Amino acid sequence: MRGILYQSHDTASFASPAEFVRREARVSDPVPPATVPERLAQKRFAVSEWISGLDLAPDLAEGIGSRRWFRGLATFLGLAGAAIALWPAFPPLEAAPATRLDQQSRDEFRSQMIAPLALGGDSGRRMAALPTVTELKRAPERPQVQLLATLAQGDGFERMLQRAGVGPADASRVAELVGRSIALGDIEPGTKVDITLGRRVAPGQPRPLDALEFRARFDLKLAVERTAGNLAVRSIPIRVDDTPLRIRGTIGDSLYRSARAAGAPASAIQQYLRVLDENMDMERSVQPGDTFDIIVSHRRAATGERQAGKLIYAGIDRGGKPLAQLMRWGSEGRFYEASGVGERRSGLLAPVPGAIGSRYGMRRHPILGYKRMHWGLDFRGGHGTPIVAVTDGIVASAGREGGCGNTVRLNHAGALQTRYCHMSRMAVNSGQQVRRGQVIGYIGSTGLSTGPHLHYEMRRNGRAVDPQSVSYVTRAELEGAELQRFRDALAKLKTVEAGSALTELTPTAAERGAEAPRREVDKLDRPDGPA
């Protein structure tokens, strides 16, 4: 630090700048004393300087084992102990009661607790018994109990009633009464039954059945009521409109997505695509911009429920002219064209979805070891894979056939016969009529077989032919009066307006009377109520 040399009367000396300032200050005007805030600031600064010089919190990762490190450890333990000592207590704090209650006030509050207890104890408290309370021998029962039972899959109607609390005698009587109106086996699973049970006649006895009501069919409701001590059934018919549901729309990039966007059920679209695919070349015939026309059976009840059924019409229009018109007709449910020609199916179905492992012709037998003629096709497949009929036919035989194992033979039109060998299990019987695509058995390895597969043969007039060389077409035609009835039904079906089945049914006078309110206060909200 630079010094300043100054001359006095006696000697010359060297002084620092601070000393020079102080000496000059003594020579000049006197320095005023420091104020209280200044003195506090000076002391605070001095204390902080002293504390920082103590080095109480060194880095414990440095100088482990030294005096400085142990000093830091002591600081850490001290702070941890202080934190634990100042930790709040765990027991909850109890608040003082809002008011001091004497015995008279408690009795008053207890008497007022009767009202909430009568509503089901919504206050969450129980009323203490007074000395005047007399204990009952048994608790009183409710005069009526209302239950909702559901008929489960595979359950019996009478068993369901007994599990719900209906006595055996009443359950048997109800099953007998209901069986006169509808077969108990025809009641669909999931049906909900409203049950009302009355007061017990004696302790330990089941409650008697007062009333029972359920939806037996889409168009029928059944009510069982006790009148003059006897149970009687009452049928309540429900008005149902069977106008089919027609859905039309323009085909975009995808026929399926376009139909779904128009509101068609997924199951109906799948039937629609399958019917069209069996009667026309979908990839070449259907184009974007064409109009799809789907009509499904539809039922709507006066009570508001709706029920969609099977596809009954499948059509494609282009430029206002029909490209395809197919309607379901007959007891077998076949689809016929507008001309009266039934389903036309080109080619044969593959009996199983697996790949062909061995084709028709000469080959070395995998078990016998020598070459011989292979009279069919071998399809690969896992054990238990379903085998389907390649086309409509009648089962000529179903049983064991030597090296073929479990075998099914089908006779088809045109003197054609097919044989399916090595089945693990057969699903048809001799003389049974089968449809194209129907499961007739399952892949196995019975007979002379090295593993699970299907040996499939085809014969025409008794002579073996290569199944891959046969193109089989089935068709049916309507004639005479049947053809005229078909055309009349088709013309009437096409008069149905698209979406007309989605409107609500207008209630009749009888239905409006049945829905009339029973309480006077409910009549205020009705348009025909009192002014």
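**Side-chain contacts in the predicted model**

Trp 329 is buried, as is Phe 486, where buried denotes a relative accessible area under 20%, exposed one over 50%, and partly exposed a value in between, calculated with a 1.4 Å probe on protein chains only. The structure is a predicted model, in which local features need pLDDT of at least 70 and side-chain atom pairs count only at pLDDT 80 or more, whereas totals for chains, interfaces and linings use all residues. Residues are numbered from 1 along each chain as its sequence is written, and side-chain values use heavy atoms, with hydrogens and water left out.

The rings of Phe, Tyr and Trp (the six-membered ring for Trp) were taken to pair if their centres lie within 6.5 Å, and planes under 30 degrees apart were classed as stacked, those over 60 as edge-to-face and the rest as tilted. By this rule the count comes to six aromatic pairs. One of them joins Trp 329 and Phe 486 in an edge-to-face arrangement, with 5.7 Å from centre to centre and 80° between the planes. This pair links distant parts of the chain, as Trp 329 belongs to strand E12 (residues 321–329) and Phe 486 to helix H11 (residues 480–493), 157 residues apart; helices (H or I, at least four residues) and strands (E, at least two) are DSSP runs, numbered from the N terminus. Phe 486 also pairs with Tyr 336, and because the ring centres are 6.0 Å apart and the planes stand at 65°, this pair is likewise edge-to-face. Tyr 336 is located in strand E13 (residues 334–337) and Phe 486 in helix H11, so the contact ties together parts that are 150 residues apart in sequence. Tyr 336 is buried, with a relative accessible area of 9%, and Phe 486 is buried with a value of 0%. Through these ring pairs, Trp 329, Tyr 336 and Phe 486 are linked into a cluster.

Salt bridges were assigned where a side-chain nitrogen of Lys or Arg lies within 4 Å of a carboxyl oxygen of Asp or Glu, and by this rule the count comes to 25. Among them is the salt bridge between the side chains of Arg 200 and Glu 141, at 2.7 Å from N to O. Arg 200 lies in the loop between strand E4 (192–197) and strand E5 (209–217), and Glu 141 in the loop between helix H5 (114–118) and strand E3 (145–150), so the pair ties together parts that are 59 residues apart in sequence. Both residues are partly exposed, Arg 200 at 32% relative accessibility and Glu 141 at 33%.

A further salt bridge is formed by Arg 234 and Glu 225, whose closest N and O atoms are 3.0 Å apart; Arg 234 is partly exposed at 41%, and Glu 225 is partly exposed at 33%. The side chains of Arg 409 and Glu 401 meet in a salt bridge with an N to O distance of 3.0 Å, Arg 409 being partly exposed at 21% and Glu 401 at 25%. Salt bridges that share partners join Glu 401, Arg 409, Arg 419, Glu 457 and Arg 459 into one network.

Arg 215 lies over the face of Phe 218, at 5.6 Å from the ring centre, a charge being placed over a ring if NZ of Lys or CZ of Arg is within 6 Å of the ring centre and within 35 degrees of the ring normal. The structure holds zero disulfides, defined as pairs of cysteine sulfur atoms within 2.5 Å. Cys 404 is buried at 12% relative accessibility, and Cys 421 is buried at 0%.
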